[in-house]
Amino acid sequence: MSFAREAGRAIRSTLVLWVITALVYPLVMVAFGQIAFPFQANGSILTNTQGQAVGSALIGQPFTSDRYFNSRPSTTSYSTADPQNDPDTILQTGVSGASNLAPSNPDLLQRVQETTTQLQQAGIQPTADLVYTSGSSLDPHITPEAARAQITRVATARGLPPNQLEDLISQNTDGRFLGIFGEPGVNVLRLNLALDALGS
Amino acid sequence: MLQGWIQIALTLLIVVAITPFFGRYMARVFVGQRTIFDSVLNPLERTFFLLSGVRAREEMTGWQYARAVLYSNLAMLVFIYLIFMFQGVLPFNPTGLSAPSWDLALHTAISFVTNTNQQHYSGETTYSYFSQFAALGFMMFTSAATGIAVAIAFIRGLTGKPLGNFYVDLTQAITRILLPISIVGAMILMAAGVPETLAGPAIVPTLENPGISQAIARGPVAHYEIIKELGENGGGFFGINSAHPFENPNGFTNLVEIVALLSVPTSLIYTFGLFANNRKQAWLIYSMVMIIFVGFIVITAIGEYDGNPAVNTLLGNQQPNLEGKEVRFGWAQSALFAVSTTATMCGAVNALHDSFMPNGGFVTLSNMFLQIVWGGQGTGTAYLFAYLILAVFVTGLMVGRTPEFLGRKIEKREVVLASFLILLVHPIAILIPTALTLTIPGVSGITNPGFHGLSQVVYEYASAAANNGSGFEGLDDGTLWWNLSASFSLLAGRYIPIVALLLLADSMSRKQPVPATAGTLRTDTGLFTGVTAGVILILGALTFFPVLALGPVAEAFQIVKGIG
C-alpha cells in the first residue's frame with residue numbers, strides 16, 4: 001500500500017475516533033451530569049443558610065484550633081491560600097499533593113515526632129491518621145478514634161457536654177460501602193459545620 | 001485486620017465472577033458474532049469506515065497490521081501534541097493555562113499514546129480542560145483499543161486464524177467494549193459524587209479562618225475517570241490521581257475503579273480460551289497469574305498493616321502506615337489498589353507508592369518487571385503467551401522433541417522473537433537509562449536518601465518501559481533529561497514488543513497444524529503450568545533481582561536495623 005494512502009487512512013481514522021470519544025462522549029456526559037446529578041457534578045458544594053458556598057462535602061479543610069475537630073496534616077494546607085498574598089497562584093487552579101517521603105527517610109520520622117509531641121501537649125492520643133499526611137492533601141476524613149480522642153478538648157473549649165459531641169461524630173461518620181468496602185471516616189468539615197450550628 | 005482481608009477477597013471474587021461473561025462478550029465482538037448492540041453499531045461503524053477509508057473486509061499480514069498501528073499512533077501523537085501547544089488559545093481553559101514546555105508536552109503525548117500515562121506534571125496546574133478531555137481522554141480510548149486490537153490479532157495468529165484488520169479491531173474495541181462501559185460507568189461515578197462540569201475551580205472562605213480561601217479544583221472528571229481505569233491508562237485528572245476525593249470519593253467508587261481496571265486483562269485470558277477452543281488452558285493460566293497476584297497483595301498488605309516500626313515506637317503502639325494514604329481507603333484498599341494498578345499497567349494510584357513500606361516497593365517493581373501478572377491492556381495477555389511459547393521450547397529441549405503449541409511447531413524464528421521480546425527489550429529500556437541517570441551528575445532528581453533513592457529512578461524507567469505510568473512521585477521528574485530519557489523507554493517498551501508480537505503471530509498463523517499424538521506435550525496441564533511459572537520467575541525476575549536487592553530489599557533491612 002502506498003505511503004500516502006496508509007497515512008491518509010491513519011489521519012482520517014484519528015479524526016473520526018476523536019470526534020466520537022473526545023467531543024461527543026465528554027460533552028454528552030457533562031450535559032447528563034448537569035441535568036441528572038447537578039449537586040455531585042459541580043463538586044458537592046455545601047452552602048450555609050445564606051446560600052454562600054462554604055466548602056465541598058468531599059474535600060477537607062484545615063482545622064487547627066481547640067474549638068474545632070482538627071483535620072489531618074496536609075502538605076498543601078488543603079489547597080488554601082491568603083487571597084491577598086498568593087505567590088504560587090494556588091487560588092487560580094487549586095492544588096493537590098503528597099509528601100512522598102519514603103518510610104526510611106529521616107525527615108519523615110522527624111516530622112512525625114514533632115506532630116506527636118504537639119498532639120500529646122494538646123492532650124490528644126496520637127493515631128496514625130493524625131500523624132501521617134494524606135495521599136491527596138485534601139482528605140476530608142479522620143478516623144472515628146481520632147475524632148473521639150479530640151472530644152475532651154473541643155468540649156472544654158466550647159463548654160459543651162461530651163456525649164453531645166459523640167452524637168455529632170456518629171452523625172457525620174461515612175461508613176463502609178455495604179458495611180464491607182473501604183474504611184469508616186468522620187467528615188471533619190461537616191462535623192465542624194454541625195458544631196457551629198449548635199450555637200454557643 | 002480480618003475485615004481488611006475480607007474486603008480484598010470479595011473484590012477479587014467479583015473480578016473472577018465477571019471474567020467468563022466479559023471474556024465471552026469480547027470473543028463474540030472479535031469473532032464477529034451477533035451482539036446486542038448490532039442494530040445501532042453496525043451502521044455507525046460502516047459510516048466510520050467509509051469516512052476513514054478503511055476496507056473492513058481487508059485482512060492484514062503481521063507486518064501490515066504493525067504498520068497500521070505505527071501510522072495511526074503517529075498521527076494521534078502529532079495531533080495531541082498540537083492541542084497541548086495551542087491550549088492557550090483553545091476553548092475550555094477556565095484557569096487560563098498557557099502551553100507547557102515542548103519537552104513536557106512531548107513526554108505527555110508519548111506517554112498517553114503508549115497507554116502509559118506517566119505524568120511529569122500535575123493535571124490541575126498544567127493542562128486545560130480541553131487538553132484533558134480532547135487530547136488525554138482521546139488517547140485513553142485509542143491507546144487502550146490499540147492494546148486490545150494487538151492482543152486479539154495475536155490470539156488469532158496463535159490459533160491459526162488470519163490476523164484481521166487493525167482499523168476494524170481498533171474501532172470495535174472502542175464502540176463495542178470501551179465506550180459503552182464508560183458511558184454507564186461515568187453515570188455511576190457521577191451519582192456517587194465524582195464531578196462532571198466545565199466550570200472552573202470553586203473559591204470558598206475556609207470555616208476556621210475566613211481570611212484564608214480554599215480553591216476547590218474540579219472539572220469534567222467522571223467520564224475521564226472511568227476510561228482511565230477501564231483502559232488501564234491511569235493518568236489522573238488531578239495531580240494526585242485516584243487519591244483525590246473528586247476522582248475516588250468513597251469505598252463504592254474505589255470498588256468500581258479496581259474492578260474496572262482489572263476487568264479487561266483478566267477476561268482476555270478467557271477470551272483466548274474461547275478462541276483456542278480450550279478453556280481449561282485459559283483457566284490454568286488464569287489460576288497461575290491469580291496465585292502470583294494474591295501472593296503479591298498479601299506481601300504488600302502485611303507491610304502496610306504492620307506499619308513503620310520507627311513511627312510505631314513513637315506512637316507507642318502498632319498502627320498501619322498511613323503516610324500518603326486516605327482514611328477512607330486505609331491499609332487494605334490502598335495495598336489492593338497499588339498491587340492491582342501495577343499488575344495491570346493501569347498506573348492510577350489511590351495512595352502514594354513512594355511512601356509504601358519496602359514490601360510495597362518490592363511488589364510494585366516486580367509487577368512492572370514481570371509484565372504478565374495480568375499485564376497491560378492486551379499486551380500483558382500477549383506476553384503471557386510469549387512466555388508459554390518459551391516454556392514449550394524449554395520443555396521441548398528437556399525431552400528432546402520439537403516443541404509444539406496449540407498444534408503448531410515452535411521453530412527458530414518464534415523462539416528468537418519471543419526471547420527477544422522478553423529477555424532483551426525490557427531490561428535494555430529500564431536498566432541502561434537507569435545506569436545513565438545515576439552516572440550523569442545532577443540529573444537524577446532523587447528526593448529520598450539511601451536505597452530508596454535508587455528505587456525512585458528504577459521505578460520511573462520500569463513504569464515507562466512497562467507502560468504502567470505510576471511513579472515514586474517524589475522524584476523530581478519534570479526536567480528535560482527525564483522527559484526525553486523516559487520518552488525513550490516509553491517508545492521502546494511499547495512499539496518494539498508490539499511489532500515483535502505481531503510478527504510472531506503472523507508466523508504462527510502460517511504454520512501447518514500437526515495432529516496431536518500420544519507423544520505431544522500437552523500444555524493444558526498443571527505440570528506444564530508449573531513449568532511456565534518457573535520459566536517466568538527465572539527469565540523474568542532474575543534479570544532484575546540485583547536491582548530489587550539494592551532497592552527495596554536493602555531498604556527493608558535498613559528499616560529493621562533502625563533509621564538514623
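## Interface of chain A and chain B

Strand β3(A) and strand β2 (residues 213-216) of chain B run antiparallel and are joined by two bridges; strands (E, at least two residues) and helices (H or I, at least four) are DSSP runs numbered from the N terminus, and two strands pair if DSSP finds at least two bridges between them. The model is predicted, so that local features need pLDDT of at least 70 and side-chain atom pairs count only at pLDDT 80 or more, while totals for chains, interfaces and linings use all residues. Residues are numbered from 1 along each chain as its sequence is written, and side-chain values use heavy atoms, with hydrogens and water left out.

Ala81(A) has Ser213(B) as its bridge partner in β2(B). The open sheet consists of three strands in the order β3(A)-β2(B)-β1(B), with antiparallel pairing. Because β3 (80-81) of chain A and β1 (202-205) of chain B stand at the edges with a single partner strand each, one side of each is left without a neighbour in the sheet.

The contact (heavy atoms within 4.5 Å) is made up as follows.

| Chain | Residues in the contact |
|---|---|
| Chain A | 108 residues |
| Chain B | 117 residues |

About 9000 Å² is buried between chain B and chain A, 64% of it from carbon and sulfur atoms; buried area is the accessible area (1.4 Å probe) that two parts lose on being put together, summed over both. Four salt bridges are counted between the chains, each a side-chain nitrogen of Lys or Arg within 4 Å of a carboxyl oxygen of Asp or Glu. Arg9(A) forms a salt bridge with Glu58(B), with the closest N and O atoms 3.5 Å apart.

Note on methods: Chains lettered and ligands numbered in written order.
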